[in-house]
Amino acid sequence: METIDKYLSRLENFLAGGCLIAATALAVFAVLLRNITGDVIFWSEEAVIYLIIFSTFFGAVVTLRHNEHVAVDIMPTLLRGKAKKFFVVLGGLATLVYAGFIAYLSWALITEPFSRTTITPALKLPLWVVELSLAVGMTLFFIRAVEMTVRALRTSAADLDKDVLAEEAAAVGIDVDDIAIVEDGNPGSGRANRADSDPGSDRLGDGGTDEKGGDR
């Protein structure tokens, strides 16, 4: 599975990144050419739009690989062990059904007569060329979903358990210790305890000193 993941990741990155880079380069070149020489590439706008469409569907596969699609994952988050693994695998199977169905419809759409007879306004391409973005993108999406589901099945239930609090803290760029709940159940005691251990703290307490160094 590691070999499949490696080559599949390279393909996904190449397709998504290549289309986005091509769209950016073409847009910049068209603008510079129009402002410097006055010449206009009449088909550039349409080409940029289609390239962005391709990069969107290919980028969706990359997003799936990093598990960053919007998802309602309350149950897998709250559960542990085999129960969590069940919901992770169930989510993967649901993704497989969705991606497989859309991929099938996408390839069927390409075979329709209007996809071969209809051409784009500027590039004069048959419509099925543009529709390939959905067909190829969802096919790769399906393959990636298969890889992730198989990986989840092979992973032990213990390895699927995650420190959700640590992940949420990392997502917003803070230390998990800053939001950790200590044993006494007081949410704010963690910060207070750190203040107690700070030798430079100026907090007043019994037998403490004020900020001028005198006894209270």
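**A walk around R144**

Select R144 and show its contacts (heavy atoms within 4.5 Å): leaving aside neighbours within four places in sequence, these are D5, L8, S9, E12, V61, L64, R65 and R151. You are looking at a predicted model, where local features need pLDDT of at least 70, side-chain atom pairs count only at pLDDT 80 or more, and totals for chains, interfaces and linings use all residues. Numbering runs from 1 along each chain as its sequence is written, and side-chain values use heavy atoms, with hydrogens and water left out.

Stay on R144 for a moment. Its relative accessible area is 0%, so R144 is buried (under 20% relative accessible area, with a 1.4 Å probe and protein chains only). Then pick V62, 82 residues away along the chain from R144; their C-alpha atoms are 9.0 Å apart.

Where do α1 and α6 meet? D5, L8, S9, L11, E12 and L15 in α1 touch L140, I143, R144, E147 and R151 in α6. Those contact residues divide into 5 nonpolar, 1 polar and 5 charged (nonpolar is Ala, Val, Leu, Ile, Met, Phe, Trp, Tyr, Cys and Pro; charged is Asp, Glu, Lys and Arg; the others, Gly among them, are polar).

Last stop: G38, which follows α1 and has a positive phi, near 85°.

Conventions. Helix = DSSP H or I, 4+ residues; strand = E, 2+ residues; numbered from the N terminus. Buried < 20%, exposed > 50% of the residue type's maximum accessible area, 1.4 Å probe, protein only.
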